[in-house]
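The entries follow in the order of the look-ups.

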Amino acid sequence: MAIIEVTNVNFSYDQAHILENLWLTVASGSFLAVAGPNGAGKSTLLYILAGLLKPASGSVSIESKPIGSYSFMDLARKIAFVRQEFVPAFGFTVEETVAMARAPYLQGFGFETPDDLAIVNEALEATETAQFAKRHLYQLSGGERQRVFVARALAQQTPILLLDEPMSFLDLKHQVDIYDLLKKMQTRLGKTILLISHDINVAAQYCDNILLLSADRKYHFGTAEEIFRPELIKEVFGVSGYAGSLGKERFFIPLGKFAKDAEISG
Amino acid sequence: MLTQTTLITRIMIAVAILLVVCGFCLMTGTEKISPGNILKGPGSVPGSNIEYEIFIGVRLPRVLLAALVGAALAGSGVILQAILRNPLADPFILGISSGAGLGAVIAIIAGFTFTFLGGSPITVCAFAGALTTVWIVWAIGRFTTKSELTSLLLAGVVVNAFFSALIMFLTSIAKSEQMQATVFWLMGNISETSLPVIIVNFVIVLAGLAVLWSICLELNLLSFGESQAQNLGVDPTRIKLIAFTASAIITAVAVSLSGLVGFVGLIVPHAIRLVLGPDHRQLLPISAIIGAAFLVLADTIARTIVAPAQLPVGVITAMTGGPFFLILLARYTRKISWFSK
């Protein structure tokens, strides 16, 4: 069953066309990686799906309802969005930041119940951020902060998770940990995950499909095997390389003119 | 993490501090008065109990007025710092001070004599000037660019500069006694006002603070930016409109009654944030209560330190609040967040 349907969406910033005639159906409980060169419209697409930008034309439906028909509160219970890190103007602690994810569920005077706090603690534990729960966000490294925002998205308990380059500040171990965590959430809790990543090899190991956006507004959707074709990568990224497989996993090694094995890609 | 019990306890402590300060300040002044004589009542003949007359006619309105102005300015400072995500914001940042000032100067120079709902012409004109200015700044901010916060701040700066120039122009062509009245008003002056006027304005300020308190959870989320707040269920436009409107009204009430009392709206929120943290559900009520206590105390010093003359209260707020804030800053410097990174 489709949980997200994007129908013929167009979007421009002033005169620059960012998305043109984009059609996309995301099945409930699937894991989709969004990739493409800078300026291809990856973040714009996620902003539109999060209800933060309105397309110039076309429509977006979440669970078969137009996104515009959701109230802000209802949408916050459907979609959590992790973006590249942002430090607030005032010094909230890690715990306070993650607890804000419960805002769409709070009743009465707006205080977290013991159940809310249990969910917050669970999210902190899952992202290995519980150890610095009492510290201020500005006291953390970029990678630690990024994990806090992933924890907040988990605590928001939404069926859909959008992540805009969540691994950008993370070391290899924490990248893999977060991917494992996301995969667990997909398989055990049935969450639908859309993730922008520049590291298509790691993303390909976890996602079901890849949506490849190109700067000339052509869109390619498929499995890693379908997407990791040297001619397609060359067309979209302008980079030659070597596509191969290791067991069940597909990979693509980009090779520039002066790379040691440049001759492999021709 | 802030819990409901912690918040209630802290509010009760803050209220206790306010009551002690008010009690002390009500009994302090050039004329000594005793609680026993006040409790005796006005007496059968008017003027037979002077201490009661002073208490009811002079001290009580003045203490209530100072508390009202302090609560309004500190509360408004919290809100504007949150909405503009700018630690340097104060209640006057969007030009409300110059608008009120222009209204007051026009009332002084034109020699208006009318009253409206018990308010003097200066009060009424300052209130109208303050609200008109906020409306102009808001309209410019919404109209000009996509980056609303920056254009609001710039619109505030421009309108402030323009109205300040008009105030200087009008002051320079005013008669000397009009000029003195204008300068004294601009320095911030809590003078005796009738009890009914204060009570009406107290209700307005309390209602405004209650409305603002109801959006404090949303203000916490807005600290992370409008789009993040929206992802957590906040309607940023609605919250900003409520925040600006309510804080503009309570600031306009404060400014129209007391002139430009600086420092309270900037420093009290910072001091409370340093000590108790940035959660607005706590920051707003505690800042308003402590802001009230601080201004009551500052005004008592202003009216007694060079008695029988009186200092503008703005002088006292800056002279006492500055060093006190520096002590807090040094003590809690490791907890400061907004100067780091």
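How many residue pairs are in polar contact across the interface of chain A and chain B? I found six, both residues of each pair being at pLDDT 80 or more. A polar contact is a pair of N or O atoms within 3.5 Å; within protein, one must be able to donate a hydrogen and the other to accept it, and residues adjacent in sequence count only if both atoms are side-chain atoms.

I noted the ground rules next. This is a predicted model, in which local features need pLDDT of at least 70 and side-chain atom pairs count only at pLDDT 80 or more, while totals for chains, interfaces and linings use all residues. Residues are numbered from 1 along each chain as its sequence is written, chains are lettered from A and ligands numbered from 1 in the order in which they are written, and side-chain values use heavy atoms, with hydrogens and water left out.

**Chain A against chain B**

I looked up salt bridges (a side-chain nitrogen of Lys or Arg within 4 Å of a carboxyl oxygen of Asp or Glu). The rule finds one across this interface. B:R281 pairs with A:E112, and their closest N and O atoms are 3.8 Å apart.

I then checked contacts (heavy atoms within 4.5 Å). Chain A brings 37 residues and chain B brings 37. Buried area is the accessible area (1.4 Å probe) that two parts lose on being put together, summed over both. The two chains bury about 3,200 Å² between them, 63% of it on carbon and sulfur atoms. On the chain A side, A:F72, A:F90 and A:F111 lose the most area, together 25% of what that side buries.

**Domain 1 against domain 2, chain A**

I took the bounds from an automatic or database domain assignment. Domain 1 covers 2–227 and domain 2 covers 228–266. Their centres, taken over C-alpha atoms, are 28 Å apart.

Here 16 residues of domain 1 touch eleven of domain 2. The two domains bury about 1,200 Å² between them, with 63% on carbon and sulfur atoms. A:I200, A:N201 and A:I227 supply 34% of the area that domain 1 buries there, more than any other three residues.

Which bonds join the domains? I counted zero salt bridges. I did get four residue pairs in polar contact, both residues at pLDDT 80 or more.
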